[in-house]
Amino acid sequence: MKAVVCTTYGSAEGLQLQSITKPTPKENEVLIKIQATTVTAGDVFVRKLTLPLYVFLWPLARFAFGIKNLRKSILGHEFSGEIEAAGSAVKDFAPGDHVFGTTTGLNQGSYAEYICVPADGVLAPKPSNMTFIQAAAVPVGGLTALTFLKKANIQAGQKVLIYGASGSVGTYAVQIAKHFGAVVSGVCSTTNLELVESIGADHVIDYTQTDFTQGEAIYDVIFDAVGKISSAQAKGVLKPNGKYLTIKSVIKEKREELFELQQLAESGQLTAVIDRTYPLEGIAEAHRYVEKGHKKGNLVIDLFKLSKTSEVSQGVTEKTSEV
Ligand SMILES: NC(=O)c1ccc[n+]([C@@H]2O[C@H](COP(=O)([O-])OP(=O)(O)OC[C@H]3O[C@@H](n4cnc5c(N)ncnc54)[C@H](OP(=O)(O)O)[C@@H]3O)[C@@H](O)[C@H]2O)c1
């Protein structure tokens with residue numbers, strides 16, 4: 001199978017498309033033919049874990065991801081795809097099922113044509129109203145937003161400010177806060193005001209024009225979804241018992257919350273904002289784009305583009321993989 005392998009920390013040029021052995025599922029695993037994956041800000045962070053960029057985090061992060069070289073040489077944190085085979089002990093999924101999920105804790109990421117994942121891992125049926133492209137972009141940003149916002153125990157009518165509302169986590173946070181009944185203010189730049197309004201924000205604040213910490217509005221919850229503001233900045237516009245949440249703390253992904261996201265999507269309360277898509281061969285360019293820090297929502301890698309290319313070169317008739 002084709003996969004993008006990256007063994008050394010550093011520039012995007014280290015991401016190399018290679019042919020490697022297709023994995024075989026263990027008895028509790030499913031083999032998934034990946035249709036789409038994404039390049040997240042986290043993928044770029046891990047690939048670039050070189051000095052002096054992250055000098056304070058470096059020792060801890062290198063311990064987690066590999067001291068000298070990347071321990072997990074195939075990056076990629078989320079995917080959508082179709083189950084091709086299931087181990088003998090798998091009860092919940094069967095070949096032909098369309099699924100989406102994350103690769104957290106696995107020794108292979110999703111920049112590949114196939115992956116084996118435990119059937120009881122962070123894996124759920126793909127939302128039936130989403131394409132593979134859309135569904136691949138939901139797990140990481142969606143789970144992160146849902147986990148943080150649940151911590152705030154939002155009550156209907158509360159005022160919630162999402163700082164960095166145009167990124168992956170931010171676009172899901174706006175929609176999930178609305179689902180909890182909040183009155184949502186989204187902070188983003190001028191070019192993204194329309195986008196943030198379109199996903200449900202009641203108010204938008206252009207951070208290039210207005211400093212929200214100097215405004216008159218006072219919030220019940222402030223969620224910094226891009227890690228750019230401090231608790232001290234937030235404190236001035238938080239109610240006395242208000243809550244400040246920052247993306248800088250680590251979350252634990254929960255399988256049942258992926259099922260919640262599936263239901264939110266199917267009930268029309270959650271959409272995936274897709275900035276652009278690239279084929280697997282374009283992954284270095286995709287990394288360079290995400291690295292700039294200005295993507296709108298998500299950047300998706302379309303694996304079907306890869307299989308289409310190889311099928312056409314073999315003279316096989318093209319077929320559509322999207323539902
Ligand atoms: N804690 C966890 O478990 C966890 C999980 C997932 C992600 N993360 C981290 O969370 C952060 C956000 O992830 P992401 O995928 O949502 O990022 P992202 O999509 O790459 O964020 C890009 C967005 O942030 C906006 N932005 C950039 N600078 C801004 C500023 N100063 N003020 C307001 N908005 C700004 C950009 O819009 P403009 O350019 O128009 O401003 C762009 O739309 C990353 O650091 C990621 O590593 C943490």
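A residue is classed as buried if 20 or more other C-beta atoms, placed from the backbone, lie within 10 Å of its own, as exposed if 12 or fewer do, and as partly exposed in between. The structure is a predicted model, in which local features need pLDDT of at least 70, side-chain atom pairs count only at pLDDT 80 or more, and totals for chains, interfaces and linings use all residues. Numbering starts from 1 along each chain as its sequence is written.

The average pLDDT (the predictor's confidence in each residue, from 0 to 100) is 91 for the chain, and 92% of the residues score at least 70. Over residues 309-323, however, the pLDDT is below 50, and this stretch has 10 contacts in the model beyond near neighbours in sequence; a contact requires C-beta atoms, placed from the backbone, within 7 Å.

Ile247 is buried because it has 22 C-beta neighbours inside 10 Å. This residue lies in the loop between strand S12 (238-246) and helix H8 (255-266), helices (H or I, at least four residues) and strands (E, at least two) being DSSP runs numbered from the N terminus. Beyond its neighbours within four places in sequence, Ile247 contacts Val169, Asp224, Ala225, Val226 and Gly227. Tyr278, 31 residues from Ile247 in sequence, is 27 Å from it in space, C-alpha to C-alpha.

The ligand is surrounded by 30 residues, of which Ser166, Gly167, Ser168, Ser189 and His294 are the closest; a residue qualifies if its C-beta atom, placed from the backbone, lies within 6 Å of the molecule. Helix H1 (41-47), helix H4 (139-151), helix H5 (168-179) and strand S9 (183-188) each give two or more residues to this shell.

Note on methods: Two residues are in contact if their C-beta atoms, placed from the backbone, lie within 7 Å.
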